[in-house]
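Please keep the sequence and the structure in view while reading.

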Amino acid sequence: MALGMMQTGELPRLAQPTIIAVAVVYFVIVGAIGWWATRQTRTANDFFVAGEGIGLAALTLAAMSATLSGFAFIGGPALVYTAGLGAMFLILPASVTSSMTSWALAKRMRLLGEVRGLITVPDAIGARYRSPAAQGLSAVAILIAVIGYMATNILALGLVIDAIFGTGLTWGVWIGMAIVLGYSVAGGILAGVYTDMFQGSLMAVASVLVFIYTLKVGGGMGAISRTILENDAAFMGPFGKMGAVAALSLFFVFGVGSMGQPHVIHKFYMLRDPRKLKWYPLLVTAALLVTMLLYFGVGVAVKALVAGGQMQPLANPDDATPFFLLRYTPVLLAGLVFSGVAAAIMSTVNSFMNIGAAAITHDIPVALGRRVENELRWGRISTVVISIAAGFLALLPGALVAFLGIFGWGLFASTLVPALAIGLNWEGATREGAIASISTGLVITLFFETLSYFNAYKFPTGVTVSGLSLVLSILVFFVVSWMTRARAAAQLDGDVKLVMSV
């Protein structure tokens, strides 16, 4: 992933009365949902897994909202504008990832949660390998990644709030954090899920409406394509300006790596009726397809406008969406989209808060053999602590914040895909293989991303640290599991084996 994919630069001023009014109404609705969820949250099970009582529609919209973040509306169109159609390889995996994740993880995690009373992703790793050490190590990796990833998203939220209300970046960061923290601490993941339903619906509607305007402004997709081809044919190539290696690397990392994103897969515990999971791939893929229309439409429309001389070249590619909305769409729609950007970011941040608090309150104490007595109270306290830490990190220099976000995504993928996604589908996986793969992902990601940040080493064009660490952690997982294969049967409990066979 490139630094340009992280929103760390200032947005254009958006302080228009209609946009401000739409944003205020949005925040009031979010507050009302949080207040309602607070009244329903009475136990740690409610706080961390919504009492295992949400429906399929809520799961679909919550997973979609947590997946996309604000990147789909700001960074994504910027990447399309800059890199051409190669940027589509980042979202093309959506056609298969939902099916893969559902087949490999969804039903097994939901049933394992039912059988063992699990509430976190590391819980599943600990149960699979009968290993507190594997559970604790995965929790540490998640916690490190969560704080960095939260800092990136909180900075983006602060930029949006500053652009709308003119608060200044520092106040924008803390106001945004306070809003998310308010409903997350009180209502936990239950507040997050139902807020995500509202936010996901908002994102989908906004995306469709903006896509219609991109076609109207550009004269249809045929006219847009011809304009770009006449001025920049490489943009329309199968891999755009990225090259085959970079585009296919994105497809691999975002395709396979999506099965290791804890803020999404954690939500499988929450589904009320696991029999309805058969519809999950279709619904999530459809929701992502609709929501990503803006990602593609704005990117190519702005490129065509620039190529045709109707818009000046952008000094900052992240301005693609704000400039298009402010110049070519009704101000009410612009307000809806900018609220959608805030909505998407807040959905992701809420999920990170929850899984980070669970790592501190539940997983690490379990790994150390010391369970916390009141997990609900300490979960709320941990949420506040994590959020304050992420808020301070968000105000560090922009390049460092972007580095933390890149590091976080790659770390999730390399530490969780082998041990969890493969481990729940292969009886030959061993405790030693899981611990070795998690350690490999943690060390490789931290080492090479740090070297890259300090410009001490650069991979060849198209090769990413996240791709390398994911491949190496998978190889280590298979090799060490094969070397310790004699222990595999003894490390697999009967109830877990039964769940894996379903």
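## A helix pair

The crossing of helix 14 and helix 15 is left-handed in this model, which is a predicted one. Helix 14 spans residues 320–328 and helix 15 spans residues 331–367, and the two pack with their axes 8 Å apart at an angle of about 155°. Because angles over 145 degrees count as roughly antiparallel, helix 14 is described as roughly antiparallel to helix 15.

On the side of helix 14, the residues that take part in the contact are Pro-322, Leu-325 and Leu-326, and these meet Ala-334, Val-337 and Phe-338 in helix 15. By residue class, this contact consists of six nonpolar residues, with no polar and no charged ones.

## Helix 1

Helix 1, which covers residues 17–40 and has 24 residues, reaches 35 Å from its first C-alpha to its last, a value close to the 34 Å expected at 1.5 Å a residue. The buried residues in helix 1 are Ile-19, Val-22, Ala-23, Tyr-26, Phe-27, Val-30, Ile-33, Gly-34 and Ala-37.

Ala-83 belongs to helix 4, which is made up of residues 75–83. With a relative accessible area of 9%, Ala-83 is buried, since the cut-off for that class is under 20%.

When neighbours within four places in sequence are set aside, Ala-83 is in contact with Gly-240, Lys-241 and Met-242. The C-alpha atom of Ala-83 is also separated by 9.3 Å from that of Ala-234, although the two residues are 151 residues apart along the chain.

Definitions and conventions
Residues numbered from 1 in each chain as written. Predicted model: local features only at pLDDT ≥ 70, side-chain atom pairs only at ≥ 80, totals over all residues. Heavy atoms only, no water. Axes fitted to C-alpha atoms, helices over the stretch in contact; angles between N-to-C directions. Helix = DSSP H or I, 4+ residues; strand = E, 2+ residues; numbered from the N terminus. Parallel < 35°, antiparallel > 145°, perpendicular 65-115°, else oblique. Left-handed = near helix turned anticlockwise from the far one by under 90°. Contact = heavy atoms within 4.5 Å. Nonpolar A, V, L, I, M, F, W, Y, C, P; charged D, E, K, R; others polar. Expected span 1.5 Å × (residues − 1). Buried < 20%, exposed > 50% of the residue type's maximum accessible area, 1.4 Å probe, protein only.
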